[in-house]
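Morning, everyone. I have one structure to walk through today. Please have it up on your screens.

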Amino acid sequence: MIFGKEKIIPILAISVLLLGIFSALYVNATQISKETITINGNEYTITYLFSICKKVTIQTDEGEKTGISFDEMITKVGVGCPSCHNYIIKAEDKYQQTYTWEVLKTGVLTDYSRAYFPNTAHTFWIRNVVEIEVK
Amino acid sequence: MDKMKIFAGILLFGSLWGFSESIIGSALSEVGLPAGAIMTGFFALTFLVISRMTYKQPGMQLGMGVIAGTLRLFNPFASCHICSALAIMAEGAIFEIIWYNISFDFKELKPIIIQMSMGILTSYLIYVGGYILTQILTPIVSGPGFYFENLIAMIPNIFSSGLLPALIGAVVLPATILIKKVDFSLKDRLYYPTTIGISLLCWSIVIGSWFLITV
C-alpha cells in the first residue's frame, strides 16, 4: 500500500505540473494580440470608438474610472435592439464573461482596453478586451 | 484528543488563515504580487499541514476553511466577499479529500520527493479547485448568472494559473514538515489563553479594518 503511494504521488504531481505547463503554453500560443476590438463581427480601433462616443466617468470601489460607455458604444456601432441581447466580452488571454444589457450599459471601456462595471465583482472587470460578441 | 482543544485549534488556525487572506493577501495584491498563488502555496498550505500534523484530526481542515472563509467575509479591501469566502471553504474541503488516505503518522511523507510531490499536488488542486468554484459562484451570487461556455473557455487559463502555487508548494511542504519537527507544544494552562487570544487578535484586526474603512 505504502509502496503504491510512493509511486502514485510523484506521478500525479508530475501530471499536474505538465498540465499546468502545457496549459500555459497553450494560453501563450493562442493569445490574441491586436490593435482593434471586434464588436458584433466588425473591427474597430480604440481611437475610432473614442471619436464616436463621449467620455464618461463612473464611480467604482477602486475610485473613478473614465472611458466610453458600453451603452453608447453598442448603439453607435449599430447593434439593433441592444436590450434584446446578451454580450460576451473576451480578453486577449481567452478570459471572458457574459453580461446582460442591464449590467453592460452601466460599464465603461477605457482607452487602455479595460472594461469596468460599477456594481459587479472584479471578476467582471476585463483587461485587454479584444472582442464583444453579441448573442 | 479533547474536543474543546481541537475546536480551539480550528479557531486558531482558521483565524490565522483568514487573517492572512484578508490583510496580507490584500497587501501583496496592492504591490502587484500574485497574491492568490502566494496565499495558497505558502499561507494556506502551511496552516493546513501544520494543523494536520499537530492534531491528526480529519475534518479539522474543513472547519478551518469555514472559519477562514467567514473571516474573509469581513475583508475590507476586496470585492465579492461571499465568493472568496466560499472558495476558501472549498480549499479546506479539497485538502481533506487529497489527504484522506495519508496516515496520521505521515510515514508516507518521509522521502523528500514525496513531500515535494504532495506539496505540488495539494497546492495545485486546492488553488485550481478554489478558482473554478469562484468562477462558478461569482456570476451566480453577484452577476448576471453562470454561463458554462465562459468556464470552458477559461479552463486553460485556470489550469496554467495553478503552476506557481504548485511550485511554491513543492518548497513549502518539505519546509513545513522540517519546522514541525521542532516541538512547540504549549503547556496545558497556556493553551486556551494563547489560542483564543491569537484568534481574537486576528478577528479584531480584520473587523477593525473593515469598520474603519466602511463605516
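Let's begin where the chains meet. Chain B puts 27 residues into the contact, and chain A puts in 31 residues. Keep in mind that this is a predicted model.

Which elements of chain B give two or more residues to the side that touches chain A? They are helix 5 (112-142), helix 6 (148-161) and helix 7 (163-180) of chain B. Helix 5 of chain B gives the largest share, 9 residues. By class, that side of chain B has 16 nonpolar residues, 9 polar and 2 charged.

Now over to chain A. Chain A splits into domain 1 (1-30) and domain 2 (36-134). How far apart are the centres of these two domains of chain A? Taken over C-alpha atoms, the separation is 37 Å.

Next, look at strand 1 of chain A, residues 36-39. In a regular strand, side chains alternate between the two faces of the sheet. Here, A:I37 and A:I39 make up the covered face of strand 1. A:T36 and A:T38 make up the uncovered one.

What does strand 1 of chain A pair with? One partner is strand 2 (residues 42-45) of chain A, antiparallel, over 4 bridges. In that pairing, A:I37 stands opposite A:Y44.

Another partner is strand 9 (residues 129-134) of chain A. Strand 9 runs parallel to strand 1 of chain A, and 2 bridges join them. There, A:I39 has A:I132 as its bridge partner.

That's my tour. Over to you.

Definitions and conventions:
Residues are numbered from 1 along each chain as its sequence is written. Chains are lettered from A and ligands numbered from 1 in the order in which they are written. This is a predicted model: local features need pLDDT of at least 70, side-chain atom pairs count only at pLDDT 80 or more; totals for chains, interfaces and linings use all residues. Two residues are in contact if their C-beta atoms, placed from the backbone, lie within 7 Å. Ala, Val, Leu, Ile, Met, Phe, Trp, Tyr, Cys and Pro count as nonpolar, Asp, Glu, Lys and Arg as charged, and the others, Gly among them, as polar. Domain bounds come from an automatic or database domain assignment. A residue is buried if 20 or more other C-beta atoms lie within 10 Å of its own, exposed if 12 or fewer, and partly exposed in between; C-beta atoms are placed from the backbone. Two strands pair if DSSP finds at least two bridges between them.
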